Amino acid sequence: MSEATGKTGTTHFGYRDVPEADKARLVGEVFTSVARNYDVMNDLMSFGVHRLWKRYFVATSGVRDGDRVLDLAGGTGDIAALLLPKVGTTGNVVVGDINGDMLRVGRNRLLDRGQLHGLDWAQMDAEALPFPDRSFDCVTMAFGLRNVTRKENALAEIHRVLKIGGRALVLEFSAVRSEFLKPLYDFHSFQVLPRIGQLIAGDDASYRYLAESIRKHPDQATLKAMMEAAGLARVDVRNLSAGIVAIHRGYRV
């Protein structure tokens, strides 16, 4: 049963109900479309603040020298690039993404920067991770969970591949806490973003989907409960920018 619609075999794709079997393909088409312009669009959509969110996310991750980290939905390479100095020469970052085009964009970017050592890239589905139990000290996922069809499956997989004492960290758009900001945020999301997408990338539909997917994503309390249901312990939530995004952290004990 879908966590989004309550109808057996269906889930949401933005504001549309679609068969669960179709969502991964539809999301894949969106990210294939936006891959080349993803960084430019992120800067325009967030006025560059997404870079600060990501830096804070990694700075507070607790990742340290020698850690093995899995970065899910990490195709852009942004989080991996920030993690590399933290894991040091004895650590390793595995970048996983379901979309091959996003992986190629991120891998090529980091190759151009000469960031090779300690990085592995692999196409994978977050709902069925190709790793043994207790493989990683930390699993990160930034701005990717909302696109997963069965989020509960992905969270259970994250729990499975964490070592005892390992951390799961999710950075994702969430529910804005400020009543003053909500109408401004809605206007920016539904009126401005699609127009920017059409102007820069020639694609308004993909950016309309991205705005809709944010609204359909579980809010802070709901995601916290989902992480606990997946077996993660001591789950805490930290809101950034008045709840426009939130960091959820949980542990395998």
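## Strand β4 and its partner β3

In this predicted model, Leu-72 stands opposite Gly-96 in β4, and the two strands concerned, β3 (residues 68-72) and β4, run parallel and are joined by 5 bridges.

Strand β4 itself, spanning residues 92-97, is mostly covered, with 6 of its 6 residues buried. Asn-92, Val-94 and Gly-96 point one way from the strand, while Val-93, Val-95 and Asp-97 point the other way, and the residues of both sets are buried.

## From β4 to β5

Strand β4 also pairs with β5 (residues 119-123), to which it runs parallel and is joined by 5 bridges; within this pairing, Asp-97 stands opposite Gln-123 in β5. Here the chain crosses from β4 to β5 by way of helix α5 (residues 100-112), in a β-α-β crossover that is right-handed.

## Two residues with positive phi

Most residues other than glycine have a negative phi. Phe-143, although not a glycine, has a positive phi of about 60°, and its place is in the loop between β6 (136-142) and α6 (151-161). Phe-143 counts as buried because its relative accessibility is 11%, where the cut-off for buried is under 20%.

Ser-241, which is likewise a residue other than glycine, has a positive phi near 50° and lies in the loop between β8 (233-240) and β9 (245-251). With a relative accessibility of 35%, Ser-241 counts as partly exposed.

Definitions and conventions:
Residues numbered from 1 in each chain as written. Predicted model: local features only at pLDDT ≥ 70, side-chain atom pairs only at ≥ 80, totals over all residues. Heavy atoms only, no water. Buried < 20%, exposed > 50% of the residue type's maximum accessible area, 1.4 Å probe, protein only. Helix = DSSP H or I, 4+ residues; strand = E, 2+ residues; numbered from the N terminus. Pairing = 2+ DSSP bridges. Right-handed = clockwise from strand over helix to strand, strands pointing away.
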